[in-house]
Amino acid sequence: MSRTLKFLAAFEIMEFKLPKIEEEILKFWQDKDVFKKSLKKTEGKKRFVFYEGPPFANGLPGIHHLLARAFKDVILRYKTMQGFYVERKAGWDTHGLPTEMAAEKSLKINSKKEIEENIEKFIAECQKNVFTYKKEWESFTQRIGYWLDLENAYITCGNDYMESLWWILKQVWNKGFLYQDYKVVPYCPRCGTSLSSHEVAQGYKTTEENSVYVKFKVNEHKSVVKEGDYLLAWTTTPWTLPANVALAVNEKVNYVRIKINDEFYVLAEERLGVIKDKYEIKSHFNGKNLIGLEYEPPFNFSKPDKPAFRVVSGDFVSTEDGTGLVHIAPAFGEDDMRVGKENDLPVILNVDEEGKFKEEVSPWSGKFVKEADPLVVEDLKKRDLLYKEELYSHEYPFCWRCGSPLIYYAKESWFIKTTAIKKDLIDNNGKINWIPPYFKEGRFGEWLREVKDWNLSRERYWGTPLPIWVCEKCKKTVCIGSIEELKEKAKIKEIGNLHRPHIDEIVFDCECGGKARRVKEVIDCWFDSGSMPFAQWHYPFENKELIDKKEFFPADFICEGIDQTRGWFYTLLVVSTLLGLGNPYRNVISIGIVLDEKGQKMSKSKGNVVKPSEIVDKYGADAARFYFYTVNAVAESKNFSFNDIQTLYRKFFDILFNVHNFFNTYADRKFAEEEFKSKNILDKWIASVLERLNSEVEKRIDDYDVVGAARLFEGFVDDLSNWYVRRSRKRFQKPENDKEKEEASSTLRYVLLKFCRIAAPFTPFIAESIYRDLGGKEESVHLSQYPCSDKKLIDDDLEEKMRKAREVVSSGLAERMKLGIKVKQPLSALMVKSRTDFGGEISELIKEEVNVKKIIFDEKIKNEVELDATMTVELEREGKEREFVRNINSLRKTMKLVPADKIVIGSTSEIVSPSDVSYEIKSLERMQKEGYAIKEIEADGKKEHLGIKKI
């Protein structure tokens with residue numbers, strides 16, 4: 001077989017089994033302990049501090065975890081290769097509702113009452129469920145190439161960890177920032193606990209509910225309103241109307257009294273659009289004229305203990321929606337409670353902690369309030385107190401863990417006074433580098449500017465106990481800051497378990513002679529994770545120097561999903577600011593959420609969940625990682641598509657593998673050095689492009705721009721394959737001398753080896769595979785130094801000339817397409833309008849690529865590029881020879897032959913072929929009988945058959 005045919009066979013598309021290669025690399029990493037060696041190699045060097053956001057191990061890892069861990073790992077590998085000591089302590093979030101819900105399911109418990117019957121049994125079940133999927137998490141972490149210290153992970157439910165939390169809370173207490181108050185808080189009736197504002201922020205959903213316009217009958221005469229008139233108020237929560245004690249108006253808003261048939265209504269002038277009937281405006285007046293006006297309540301189930309049912313002032317009343325009059329039920333609204341306190345209004349709490357009406361609300365006693373909504377509306381309608389009802393679409397809060405609708409509910413809770421440190425929070429945020437940058441003042445900054453006191457306490461069981469003891473007699477309150485302090489107070493020698501119910505049994509004597517008992521609440525599990533910079537080291541009881549000497553604080557880098565801007569990112573900042581330690585992290589990457597291909601949230605009910613294993617098993621972890629690096633901007637939602645990842649696989653990984661395969665097939669491997677020394681123009685060009693890539697990637701990743709850095713790789717691999725290798729094939733296939741082949745081989749090896757080191761943090765598996773195959777100096781590419789760009793090899797002028805040359809080639813090929821002339825058919829000349837001095841070497845590249853005999857520079861031609869399509873006998877024959885070779889190569893590809901496989905060729909007639917290729921004329925039937933692979937072709941306007949058979 002001719003050398004031409006051998007070369008073409010080498011470029012057959014080979015199936016790239018990345019998942020299989022990755023399994024081999026994983027075994028290599030494990031057998032050689034490469035991760036630990038990378039830590040050992042940099043031990044004692046400057047630290048690069050990373051905090052791992054702790055996941056729950058009682059649920060399986062999802063595709064969003066793959067996304068976040070890919071972004072974390074790329075930075076950590078990069079910094080390690082730069083020579084930093086990068087500890088990567090894993091962590092497990094264990095407390096809170098996710099674990100409690102799993103325990104409830106296991107024990108078939110449906111209420112808090114059942115839990116209270118045997119708290120110890122419930123806590124034991126929680127402890128059992130904490131690490132349900134720990135092995136799956138560890139396997140997932142290792143499979144995607146995320147190097148993490150899983151052996152020394154911090155665990156939020158450990159006594160040491162919780163003792164650190166107690167110490168932090170004691171510092172907050174000492175500053176006067178930990179307090180108890182009776183407030184309206186977001187409350188989950190299903191879980192029986194209140195939530196913090198940052199938890200509520202994660203659970204909003206768009207929902208449609210019936211809103212109502214209710215008529216409140218005036219029972220006194222005033223200058224602007226008469227007895228019997230109706231004050232018109234609007235609400236989206238009809239179930240709160242039995243708790244109404246007032247109506248609020250804005251003193252600065254203009255109101256009107258209108259007549260509809262024989263009835264009179266009062267509402268804001270700007271809201272007249274809500275009136276469905278013909279009306280007549282009888283008078284105009286300011287809101288302050290309504291203050292103090294009394295009315296009849298819509299319901300009389302409860303007798304208030306204070307004066308009620310009057311109009312009060314409320315600066316929160318707007319005219320953006322509703323009627324300009326707001327119904328006030330202090331037990332079920334934050335603004336309502338504030339206005340209630342300002343005006344000494346009664347609080348009617350007629351709903352129990354399960355979200356059901358109490359016995360006093362006789363028609364709907366025991367009914368869940370949201371279910372009672374239509375019944376309340378129907379009652380109003382029967383009594384002619386309903387003006388109208390309409391569907392209203394709005395954002396409503398749901399429990400971020402169980403998915404139940406929340407209600408706002410008045411109760412005593414413990415709060416951290418985060419409003420007192422608002423300025424410090426904003427100042428500390430100003431020192432953080434946010435990716436994307438606009439989050440600093442936007443999403444995160446806006447949240448800080450509207451900061452609310454942190455509702456810390458939870459009326460639950462599996463959590464860090466709130467370390468507050470209250471004397472039953474004198475009500476003196478004590479905050480405990482350590483196990484040792486509690487032991488001294490209680491005069492006991494040991495405390496085995498800080499969890500409930502054991503901790504609840506510890507009682508100590510008060511100075512007054514009474515007994516101090518712990519309050520029943522546990523703390524928000526977000527406080528657990530937000531305290532991890534300190535609690536993971538059992539600070540300050542151990543490892544004090546790590547924090548005090550700034551060895552492990554603040555973090556240089558953290559990374560999680562966009563939802564954590566109001567979760568972990570926020571609580572980290574709050575805890576460190578409360579301790580007066582400044583910003584807890586210097587750089588943060590906030591990543592968009594993963595949606596399905598149609599942009600919908602993934603859920604089991606929709607059947608659109610994509611498991612990480614589905615991607616990794618089919619395409620490989622590198623492909624999954626690289627897909628997320630490049631699919632779109634970092635904080636944008638990622639509409640995951642298997643088609644997109646498959647396209648990426650072909651455009652990047654297949655091409656890279658084929659270049660590597662080409663090297664293995666044709667390169668001379670007899671060389672020892674990795675330096676670049678070639679004088680060949682293509683070699684100098686690819687070296688320049690490589691060094692520029694190196695420089696640009698470093699610049700972007702140093703700025704934590706993972707997306708910008710990763711997107712550079714695809715263009716480089718395209719340059720490497722579709723220009724450098726494509727145009728260098730003769731030097732590998734038909735070198736003029738040994739030196740030429742050695743020069744080309746050394747260059748390609750240099751480029752591939754350095755590219756592997758540049759790409760190693762992004763695609764750790766394929767980089768390792770190619771690096772090892774090419775005989776890199778280090779045992780692993782991940783133990784090598786991250787390369788610095790050799791600026792001396794960057795040639796701006798050469799790159800610009802090559803860029804213009806490729807534009808000429810592209811235009812020339814486009815002209816061929818317009819004329820319908822195949823590239824295999826040589827043409828006599830390419831006319832170029834530009835006077836760019838490409839030089840002889842680059843001009844030769846253009847001629848070969850466009851397949852012309854010469855280039856003519858002619859400023860008089862009409863277009864930038866034109867072809868001389870005049871055909872000669874010689875050109876026509878050369879074109880037929882090339883077509884023959886193309887057809888043979890196509891058959892070899894069909895048979896999946898390798899270059900070393902020899903073949904015989906058969907044809908049904910005489911066909912023009914290269915002089916060094918021989919074939920035998922055979923009938924189609926004979927070739928079929930003898931087992932030839934056959935292809936129908938066109939030769940001299942006739943249909944013929946060409947066949948090959950391996951020998």
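How much accessible surface does the protein chain have, and what share of it belongs to carbon and sulfur atoms? The accessible surface comes to about 41,900 Å², and carbon and sulfur atoms hold 46% of it. The structure is a predicted model.

The overall dimensions come next. Along its principal axes, the C-alpha trace of the protein chain spans about 110 × 80 × 60 Å. The radius of gyration of the chain is 37 Å, whereas a compact globule of 951 residues would have a value near 30 Å. Of these 951 residues, 57% count as buried. Among contacts with a separation of 6 or more, 77% are between residues 24 or more positions apart.

The charged side chains can be taken as two sets. The protein chain carries 152 positive and 154 negative side chains, and the centres of these sets lie 3 Å apart.

In secondary structure, the chain contains 30 helices and 33 strands. One of the strands, β8, covers residues 254–260. Strand β8 is mostly covered, with five of its seven residues buried.

Strand β8 has two partners described here. With strand β9 (residues 263–268), β8 runs antiparallel and is joined by six bridges. Strand β10 (residues 280–286) is also antiparallel to β8, and six bridges join these two. Residue K259 shows both pairings: its bridge partner in β9 is F264, and its bridge partner in β10 is E280.

Key:
Residues are numbered from 1 along each chain as its sequence is written. This is a predicted model: local features need pLDDT of at least 70, side-chain atom pairs count only at pLDDT 80 or more; totals for chains, interfaces and linings use all residues. Side-chain values use heavy atoms; hydrogens and water are left out. Helices (H or I, at least four residues) and strands (E, at least two) are DSSP runs, numbered from the N terminus. The radius of gyration is taken over C-alpha atoms; the globule rule is 2.2 Å times the number of residues to the power 0.38. Buried means under 20% relative accessible area, exposed over 50%, partly exposed in between (1.4 Å probe, protein chains only). Contact means heavy atoms within 4.5 Å. Accessible areas come from the Shrake-Rupley method with a 1.4 Å probe; for residues, only the protein chains shown count as cover. Lys and Arg count as positive and Asp and Glu as negative; His and the chain ends are not counted. The place of a charge is taken as NZ of Lys, CZ of Arg, CG of Asp or CD of Glu. Two strands pair if DSSP finds at least two bridges between them.
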